[in-house]
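Dear colleague,

Please find below the structure that I am handing over to you. A summary of the findings follows it.

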Amino acid sequence: MTARQWPAVTAVAWVAAQIAYPLTDGSARDRVTVLIVALSAATALLHAWVARGIGWAAGYAVIVGGVGAVAEMIGTAQGFPFGCYHYAHGRIGPDLAQVPLIVPVAWVGGLYPIWVATGLLCRRAVTRVLTTAVGAVGWDLYLDPQMVADGQWTWCSAHPGLPGIGEIPYTNYLGWFAVGALMATLLAALERRYAPRGAGPAVPVAVLLWTWFGSALAHAVFLDLPASAGYGLIGLGVVAVPTAVWVLREARDRGRLPAPP
C-alpha cells in the first residue's frame with residue numbers, strides 16, 4: 001500500500017464508524033463519536049499531506065484546529081460568537097477550558113472536504129472563502145442537532161432558532177459563518193505556498209458527498225431528526241450539489257471518475 005492510498009483506507013473506516021453510530025447508545029456511542037472524529041481528521045490530514053506535502057498538512061491543522069479551539073473556548077466562556085452553550089463533561093475525552101479536546105479535531109476533519117470542493121468550484125479567493133463559510137454552516141446544520149440530541153452539548157441561549165431545531169439559536173450559524181470565513185481566509189493565504197503534487201480530489205469529494213446525503217438519510221430514518229435532515233440537505237447542498245455536477249462533468253470529459261490519491 002502506498003501513501004496515496006492511506007486517505008482512502010481511513011475514509012472507508014470512517015464510513016463504517018458512521019454506519020455504526022445509530023446502532024449504539026450510551027458510552028458505546030461516545031466511543032464511536034470519538035472514533036468518527038479521529039478518522040475524519042486522519043483522512044483530511046493524510047490527503048493534505050499527499051496532495052501538497054507535510055507543510056501544508058501541518059499548517060492546515062494549526063489554522064483550523066487552532067482557530068476552532070480558540071473560538072470554542074471563547075464561545076463557552078462568553079457566549080460569543082455562537083451564543084450561550086456548554087459541553088457535557090467527561091463523555092468524549094478530556095477538556096481544556098471546558099471544551100473537549102476532540103472538538104477542534106472535529107473542525108479539522110469536517111472543514112477539509114468543503115475546502116477541497118470549493119477549490120474545484122471557485123476561481124476567485126474571495127468567492128472560495130465565502131463558499132467555504134456557507135459550507136461550514138451547512139455541515140453544522142447536521143452536526144449541531146445530532147450532538148444536541150445526544151446530549152454532547154446544551155444551548156442556554158434565549159435567541160430563537162430554526163423551526164424544528166429551535167433550541168439552537170440563529171446566532172450559532174452566524175458564528176459558524178464568521179469562524180469558517182476566518183479559517184478559509186488563512187487557508188487561502190497558506191495554500192499559495194504549497195504547490196499541488198498531482199493527488200486527485202476523489203477522497204475528500206467522496207467524503208463531502210457522503211456527509212451530505214448520508215447524514216440526511218441518517219437523520220431522517222435512524223436518528224428521528226427530520227428537520228435537520230432537510231436543513232442539512234439544503235445547506236450543505238450549496239457546496240455538495242455543484243461538486244456532484246463537477247464530478248459528473250469530469251467523468252463525462254475523461255471517461256472515468258477522477259483517480260483517487
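To begin with the cysteines, Cys122 is buried, because its relative accessible area is 14% and buried means under 20%, exposed over 50% and partly exposed in between, computed with a 1.4 Å probe on protein chains only.

Please note that this is a predicted model, in which local features need pLDDT of at least 70 and side-chain atom pairs count only at pLDDT 80 or more, while totals for chains, interfaces and linings use all residues. Residues are numbered from 1 along each chain as its sequence is written, and side-chain values use heavy atoms, with hydrogens and water left out.

The disulfide

The structure holds one disulfide, a term that denotes a pair of cysteine sulfur atoms within 2.5 Å. Cys84 and Cys156 form this bond, with an S to S distance of 1.8 Å. It links distant parts of the chain, 72 residues apart: Cys84 sits in the loop between α3 (54-78) and β1 (85-87), and Cys156 in the loop between β4 (153-155) and β5 (161-162). Helices (H or I, at least four residues) and strands (E, at least two) are DSSP runs, numbered from the N terminus. The disulfide is left-handed, because the torsion about the S-S bond is about -80°. Cys84 is partly exposed at 32% relative accessible area, and Cys156 is likewise partly exposed, at 41%.

The cavity

There is one cavity of 30 Å³ or more, and the volume of the largest cavity is about 60 Å³. On a 1 Å grid over the protein atoms alone, a cavity is a set of points where a 1.4 Å probe fits but cannot get out, and lining residues have an atom within 4 Å of a point. Grid points are joined across faces, edges and corners, and a volume is the space filled by probe spheres set on the points.

Among the lining residues are Trp14, His47, Tyr112 and Val207. Helices α2 (26-52), α4 (102-121) and α7 (202-222) each supply at least two residues of the lining, and α2 gives the most, with four. The lining has six nonpolar, four polar and no charged residues; Ala, Val, Leu, Ile, Met, Phe, Trp, Tyr, Cys and Pro count as nonpolar, Asp, Glu, Lys and Arg as charged, and the others, Gly among them, as polar.

The UniProt record

An unreviewed UniProt entry lists several residue ranges as "transmembrane region", including 32-50 and 173-190; such annotations may be inferred rather than shown by experiment. In the model, residues 32-50 are 100% helix and 0% strand, with end C-alpha atoms 27 Å apart.

Yours sincerely

Notes: On a 1 Å grid over the protein atoms alone, a cavity is a set of points where a 1.4 Å probe fits but cannot get out, and a pocket is an open set with protein on both sides within 12 Å along at least five of seven lines; lining residues have an atom within 4 Å of a point.
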